[in-house]
Amino acid sequence: MLKQPKEIIILLGAGQMGLKIVQRLASNHTILLGDISEDNLARAKEGLLDAGFVVETKIVDGSQRESIQAFADYAQSLGEVTNYIHTAGVSPNMANPQPIIDVDLVGTAIALEIFRDVIAPGGAGLVISSQAGHMFPLDPELEQQLATVPADQLAALPGVKAIDNSGLAYGVAKRANIVRVQHEAVLWGDHGARLNTVSPGVIITPLARHELTAQPEAYGEMIETSPAGRPGTPDEVAAAAEFLLDPKNSFITGTDLLIDGGVIAAMATGRYQLHG
């Protein structure tokens, strides 16, 4: 029986990108995985156990405050939470607007409110946003509301209720993640902790492959016109996440790191134009 370390790294959303991140951080830590899918948790746990990590799991509905709170309570029962990594989300090609708003927008904001009171002094959190959060200009008033309105009231905002397609819901949610983290970083700082976002572009994961298959021409043009000229890998995102979460980089908080191969730069120069 492996001794269970008392420092806890939490991952909400047991997808490939998040798992790559925790594997870089979790030596001499207990990993706590949360996901809505029992099958996802079982597969992820088995892989981490095979790699020598100490792992606990818990079913979590990332859209429900009660479920996220129970997850946080369980984390605290295990030990001191040093890192919180939030990757839970819904793809725009796999859901209607409402689930995206519920999970990507509201659920993320709820988790940040809850784990603000859980993270240990000197700890750090990270939210996986998206390059989509840099693609959709929002009304400044709506953006301010997305940053500051209590999480449980976000879905009732007129600018959110008016969203009528999944692509826009995803873009608004990911922009909300970025501005919400900027706001929450100040509150996390009151607890002695840091909080940042990373915004990946087209990163090859099982979920991204589904997106690429659904819209091959659109994604092909995006990739071909980008300076990098290729999609990214989960390892590249994990390397950036490790940098932001490293205590040596304790002066970095409230910021977003765009990891998109230059897609947003191509948009700014007119080389790439967003369609639809």
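Is Phe71 buried or exposed? Phe71 is buried, with a relative accessible area of 0%, where buried means under 20%, exposed over 50% and partly exposed in between (1.4 Å probe, protein chains only). The model is predicted, so local features need pLDDT of at least 70 and side-chain atom pairs count only at pLDDT 80 or more, while totals for chains, interfaces and linings use all residues. Residues are numbered from 1 along each chain as its sequence is written, and side-chain values rest on heavy atoms, with hydrogens and water left out.

Helices (H or I, at least four residues) and strands (E, at least two) are DSSP runs numbered from the N terminus, and two strands pair if DSSP finds at least two bridges between them. Leu126 stands opposite Asn196 in strand 6.

Contact here means heavy atoms within 4.5 Å; axes are lines fitted to C-alpha atoms, for helices over the stretch in contact, and angles run from 0 to 180 degrees between N-to-C directions.

Strand 4 (residues 80–86) contains Asn83, which is buried at a relative accessible area of 9%. A polar atom of the Asn83 side chain lies 3.2 Å from the backbone oxygen of Ala124. Leaving aside residues up to four places away in sequence, Asn83 touches Ile8, Ile9, Ile10, Ile119, Ala124 and Leu245.

The structure holds two aromatic pairs, defined for rings of Phe, Tyr and Trp (its six-membered ring) by centres within 6.5 Å, with planes under 30 degrees apart counted as stacked, over 60 as edge-to-face and the rest as tilted. The ring centres of Phe71 and Phe115 are 6.1 Å apart and their planes stand at 75 degrees, so this pair is edge-to-face. Phe71 lies in helix 3 (residues 65–78) and Phe115 in helix 4 (residues 97–116), 44 residues apart. Tyr84 and Phe115 are stacked, at 4.1 Å centre to centre and 15 degrees between the planes. Phe71, Tyr84 and Phe115 form one aromatic cluster.

Conventions. A polar contact is a pair of N or O atoms within 3.5 Å; within protein, one must be able to donate a hydrogen and the other to accept it, and residues adjacent in sequence count only if both atoms are side-chain atoms.
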